[in-house]
Amino acid sequence: MTIFARMKWFYWILLMAVCTSCTTTHKGLVSTTGNGRIYYEERGKGEPILLLHGHSLDRRMWDEQFKAFAKHHRTIRLDFRGYGRSSEQREDLPMTHADDVITLMDSLGIRKAHVVGLSMGAFVAGDLLAMYPERLITCTMASGGIRSSEGPHTPVSPAERAERLRKISEVYQQGVDNMKRQWTEQLMASGGTQRERMRKPLTRMIQAWTAWQATHVEVRLYYGKEAWQRLQEQENDVPTLCIRGENELKGKKGEPRELRYLKNGRYVVIPDCGHMLNMERPKEFNRTVLDFINSYPAR
């Protein structure tokens with residue numbers, strides 16, 4: 001074999017290795033506090049993107065983003081503790097989802113990442129934006145933002161606990177399966193003309209959900225008011241995209257209030273869709289998010 005032929009063979013093998021690494025999904029578990037485990041899936045090369053799912057769902061809600069984003073980025077989707085293949089939450093263990101995400105990043109050697117969250121995932125993305133801005137390249141919050149609830153350093157009051165127990169009792173009276181069906185229809189209700197495309201995947205995830213959160217007294221999982229305090233005290237220059245579905249706004253005008261405290265904020269409304277806009281309008285969602293992310297490479 002000539003030197004030229006050998007070089008061609010070498011570069012072909014190298015090219016195949018690179019292509020394989022971009023199309024192979026790596027799966028794993030990362031240990032976190034209280035003997036917890038966070039399940040994740042990873043695909044692609046390049047700057048990392050973390051995908052944070054919504055309540056009652058799991059990493060599969062990102063099926064139409066995971067492979068698309070991985071064509072140009074190292075893309076990681078995870079199950080929050082208490083969802084999917086991750087370990088369950090505990091009533092006696094103080095924790096936050098944001099800190100679990102930081103633990104995952106540290107375990108995977110990720111110094112900074114583009115963070116994309118929807119609904120509950122947007123709550124967590126907002127916590128990361130305020131509490132750990134140095135770990136973010138960009139932040140995308142879809143159908144949600146920083147919560148106005150008490151943070152983890154405020155104990156749950158007896159009145160709060162009593163109200164939570166009352167709601168748990170209502171869930172059992174109604175029946176967990178009935179609660180799941182109603183919740184599915186609630187997520188579907190805000191959708192637009194393409195909403196039926198997400199019925200099967202939503203139903204599949206919600207039926208697989210253990211409903212632990214609906215039947216237990218949770219600890220404070222979000223920084224909430226503590227994050228708001230931190231955001232207002234700092235000069236936050238993390239490029240941030242807020243996305244909403246037009247139907248969910250119900251005629252409300254004005255930008256999300258997070259943008260008041262951000263130097264590099266954008267706001268986009270996607271027409272003819274509701275709360276689950278990444279599943280209902282994946283092409284529009286993917287284009288909007290990737291255009292934004294690619295405008296801000298890591299510094």
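A polar contact is a pair of N or O atoms within 3.5 Å; within protein, one must be able to donate a hydrogen and the other to accept it, and residues adjacent in sequence count only if both atoms are side-chain atoms. The side chain of Arg 281 makes such a contact with the side chain of Thr 193, at 3.4 Å.

This is a predicted model, in which local features need pLDDT of at least 70, side-chain atom pairs count only at pLDDT 80 or more, and totals for chains, interfaces and linings use all residues. Residues are numbered from 1 along each chain as its sequence is written, and side-chain values use heavy atoms, with hydrogens and water left out.

Buried means under 20% relative accessible area, exposed over 50%, and partly exposed in between (1.4 Å probe, protein chains only). Helices are DSSP runs (H or I, at least four residues), numbered from the N terminus. Contact, or touching, means heavy atoms within 4.5 Å.

| Residue | Relative accessible area |
|---|---|
| Arg 281 | 16% |
| Phe 69 | 0% |
| Ile 293 | 1% |

Arg 281 sits in the loop between helix 10 (277-280) and helix 11 (282-294). Leaving out residues up to four places away in sequence, Arg 281 touches Thr 193, Gln 194, Ile 270, Pro 271, Asp 272 and Cys 273.

Phe 69 belongs to helix 2 (residues 63-70). Its C-alpha atom is 10.0 Å from that of Arg 287, 218 residues apart along the chain.

Ile 293 lies in helix 11. Among the residues that Ile 293 touches are Ile 49, His 73 and His 114.

A nonpolar core is a set of buried Ala, Val, Leu, Ile, Met, Phe, Trp, Tyr and Cys residues joined through side-chain atoms within 4.5 Å. The largest one has 76 residues; Leu 52, Val 101, Leu 128 and Phe 285 touch the most other members. Helix 4 (residues 120-131) gives the most to this core, with nine residues. Contacts of Val 101 include Leu 52, Phe 80 and Leu 128.

The axes of helix 3 (residues 97-107) and helix 4 come within 9 Å and cross at roughly 70°. Axes are lines fitted to C-alpha atoms, for helices over the stretch in contact, with angles from 0 to 180 degrees between N-to-C directions. The two helices are therefore roughly perpendicular, a label for 65 to 115 degrees. Helix 3 contributes His 97, Ala 98, Val 101 and Ile 102; helix 4 contributes Met 120, Val 124, Asp 127 and Leu 128.

Terms used. Parallel < 35°, antiparallel > 145°, perpendicular 65-115°, else oblique.
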